[in-house]
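Dear colleague,

Please find the structure below, followed by an account of what was found in it. I would be grateful if you would read the two side by side.

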Amino acid sequence: MVTAICLSIVIAGALIAYKPWAPEEPPALETGMGWLPTGVGVSQGQLFAPTVQQGSYPEAYTISLTGYGASSAQADLAKVTLGVENSASEASVAISSNAETMSQVIEAIKAAGIPDEDMVTVGYNVYPRYDWTDSGRVFRGYVVSNMVQVTVRDLEKVGVVIDTASDAGANQIQGISFELSDSKKEELKAQAYVAALTDARDKAEVVAETLGLTITGVRSVAEYSYTPVRTYDYVEELGAEYGVRSTTPIISGDLSVSVSVSVVFEFE
């Protein structure tokens with residue numbers, strides 16, 4: 001009986017020391033600093049892991065330069081603002097008379113080859129007219145003004161459109177603007193960009209050569225400004241007293257598109 005009790009005590013002690021139910025302990029963690037002792041968590045072991053310190057790589061030196069470029073071409077369309085202004089003692093009479101004359105003007109412009117979509121009304125006004133005398137303000141009737149903007153895509157027809165409209169009753173020519181069509185404008189813009197970027201690069205090469213530097217790359221490119229330029233020519237008010245005349249001469253001239261860019265170059 002005593003022998004059995006002693007044997008049970010020995011077996012229990014062996015089991016406690018061996019711990020067959022406990023999970024196997026992981027091996028020690030190897031780091032750049034050596035071996036960590038077993039039982040140390042991974043999060044604690046990261047304290048010894050090699051890390052890349054912020055700023056360990058030097059920032060590249062940079063220089064910012066502005067490049068300018070421009071490209072020109074002759075205007076390929078014109079916009080003419082013209083119309084009819086008349087007056088009468090009664091507003092209804094003035095409006096009716098204006099509408100009749102303006103219809104004749106529009107039909108004449110269409111006959112000159114201008115489609116409906118290239119004409120748009122840009123102003124219509126009806127207002128009373130007064131004269132100031134020694135006795136005070138005197139009513140003189142109503143004024144009606146109707147203005148349209150005509151887009152002329154064939155510049156050779158600009159003078160014809162003006163003369164045709166005038167012959168049909170137009171007595172107001174407020175101005176002519178010469179412009180570039182969207183397709184021509186985009187073409188010039190692309191050329192101006194190339195010229196601006198080339199200008200910035202040439203400046204950077206001069207700086208690098210003068211200061212003994214080496215351009216290594218481009219950090220950024222930004223558009224500084226983009227300017228399509230258009231010009232205006234004004235024509236005096238036309239009236240019936242001009243009589244028969246030759247076609248009005250119109251000279252458009254060149255228009256330009258300019259671009260400025262800012263380029264940040266890296267160097268060493």
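**Salt bridges along the helices**

Aspartate 199 and lysine 203 are four residues apart in helix 5, so about one helical turn separates them. Helices (DSSP runs of H or I, at least four residues) and strands (runs of E, at least two) are numbered from the N terminus. The model is a predicted one, in which local features need pLDDT of at least 70 and side-chain atom pairs count only at pLDDT 80 or more, while totals for chains, interfaces and linings use all residues. Residues are numbered from 1 along each chain as its sequence is written, and side-chain values use heavy atoms, with hydrogens and water left out.

Aspartate 199 forms a salt bridge with lysine 203, their closest N and O atoms being 3.4 Å apart. The term denotes a side-chain nitrogen of Lys or Arg within 4 Å of a carboxyl oxygen of Asp or Glu. Aspartate 199 is partly exposed at 23% relative accessible area, and lysine 203 is partly exposed at 35%. Here buried means under 20% relative accessible area, exposed means over 50%, and partly exposed lies in between (1.4 Å probe, protein chains only). Salt bridges that share partners also join Glu107, Lys110 and Asp116 into one network.

The structure holds nine salt bridges.

Asparagine 98 belongs to helix 3 (residues 91-111) and is buried, with a relative accessible area of 0%. A polar atom of its side chain lies 3.3 Å from the backbone oxygen of valine 144. Leaving aside neighbours within four places in sequence, asparagine 98 is in contact (heavy atoms within 4.5 Å) with Val84, Glu85, Asn86, Tyr124, Val144, Ser145 and Asn146.

Tyrosine 124, one of these residues, lies in strand 5 (residues 119-133) and is partly exposed at 41% relative accessibility.

**The hairpin of strands 5 and 6**

Strand 5 and strand 6 form a hairpin with two residues between them. They pair in the antiparallel sense over 14 bridges, where pairing requires that DSSP find at least two bridges between two strands. Arginine 137, located in strand 6 (residues 136-152), is the bridge partner of tryptophan 132. Arginine 137 is exposed, at 52% relative accessibility. Apart from neighbours within four places in sequence, its contacts are Tyr130, Asp131 and Trp132.

**Helix 4**

Helix 4 (residues 158-168) is mostly covered, with eight of its 11 residues buried. These are Val158, Gly159, Val161, Ile162, Asp163, Ala165, Ser166 and Ala168. They pack against strand 4 (77-88), helix 3, strand 6 and strand 7 (172-179). Glycine 169 follows helix 4 and has a positive phi, near 125°.

Yours sincerely

Key: A polar contact is a pair of N or O atoms within 3.5 Å; within protein, one must be able to donate a hydrogen and the other to accept it, and residues adjacent in sequence count only if both atoms are side-chain atoms.
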